[in-house]
Amino acid sequence: MRKILQIVLFGTLFSCNQKELISEKLYVHQFVSNELVYRHSLVLTIEPKDSVINYSYLAKDSQKNISFRYDVNKDFLIVDDSFIPTNKKFFLDDTEYKIYSDSENNSTSHPRFILFRKEYGILANVAYGADFIFMKDSIIGIRDLNIFNKILSKINE
């Protein structure tokens, strides 16, 4: 009996040290000609590992997969390039999202921006000709279009 109690206690302590995996379905909508168009769905997996959090967005078509890392201590994203926080923030339903850029002072001719929150992942990707918003709902409405327009307005301030 004592051996069983030790095993249960050890298992409980060990499981408390495990990092929690979060998995959830998101829908990608692209901004085209002043409207949002549904593109595809992704399964987001968030995997914390010490001071780095891994984000994986997996689609049925593997060419649409996205993976990146967030360095919690240094506050930057590593996608295909490094994205650093700008001084701009975006609020949606009283929740703050930081705006990250791939250019330190937006000196590139076509800077890319990512709206990101550690607990949610990417809310939007704004790049020259490739603007996307990642929503939890596959059906989009006027509210979602307004959100995206507010995001664009905030970035262009």
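Is Tyr38 buried, partly exposed or exposed? Select Tyr38: with a relative accessible area of 39%, this residue is partly exposed (buried means under 20% relative accessible area, exposed over 50%, partly exposed in between, with a 1.4 Å probe and protein chains only).

The model on screen is predicted: local features need pLDDT of at least 70, side-chain atom pairs count only at pLDDT 80 or more, and totals for chains, interfaces and linings use all residues. Residues are numbered from 1 along each chain as its sequence is written, and side-chain values use heavy atoms, with hydrogens and water left out.

**Aromatic rings**

A search of the whole structure gives ten aromatic pairs (rings of Phe, Tyr and Trp, the last by its six-membered ring, pair if their centres lie within 6.5 Å; planes under 30 degrees apart count as stacked, over 60 as edge-to-face and the rest as tilted). Tyr27 belongs to strand E1 (residues 22-32) and Tyr38 to strand E2 (residues 35-49), eleven residues apart (helices, H or I with at least four residues, and strands, E with at least two, are DSSP runs numbered from the N terminus). Tyr27 is buried, at 17% relative accessibility.

Next, select Tyr55, Tyr57, Phe68, Tyr70, Tyr100, Phe116 and Phe134, which ring pairs link into a cluster.

**Strand E7**

Now select residues 95-101, strand E7. Five of its seven residues are buried, so the strand is largely enclosed by the rest of the structure. E7 runs antiparallel to strand E6 (residues 82-92), with six bridges joining them (two strands pair if DSSP finds at least two bridges between them). Phe91 stands opposite Glu96 in E7. Four bridges join E7 to strand E8 (residues 113-117), also antiparallel, and there Ile114 is the bridge partner of Tyr100.

**Salt bridges**

Select Asp93, in the hairpin of E6 and E7, where this residue takes a positive phi near 50 degrees. Asp93 forms a salt bridge with Arg143, the closest N and O atoms being 2.9 Å apart (a side-chain nitrogen of Lys or Arg within 4 Å of a carboxyl oxygen of Asp or Glu). Arg143 lies in helix H2 (residues 142-155), 50 residues from Asp93. Asp93 is exposed at 57% relative accessibility, and Arg143 is partly exposed at 45%.

Finish with Arg112 and Asp80, whose side chains meet in a salt bridge (3.3 Å, N to O). Arg112 is in the loop between E7 and E8.
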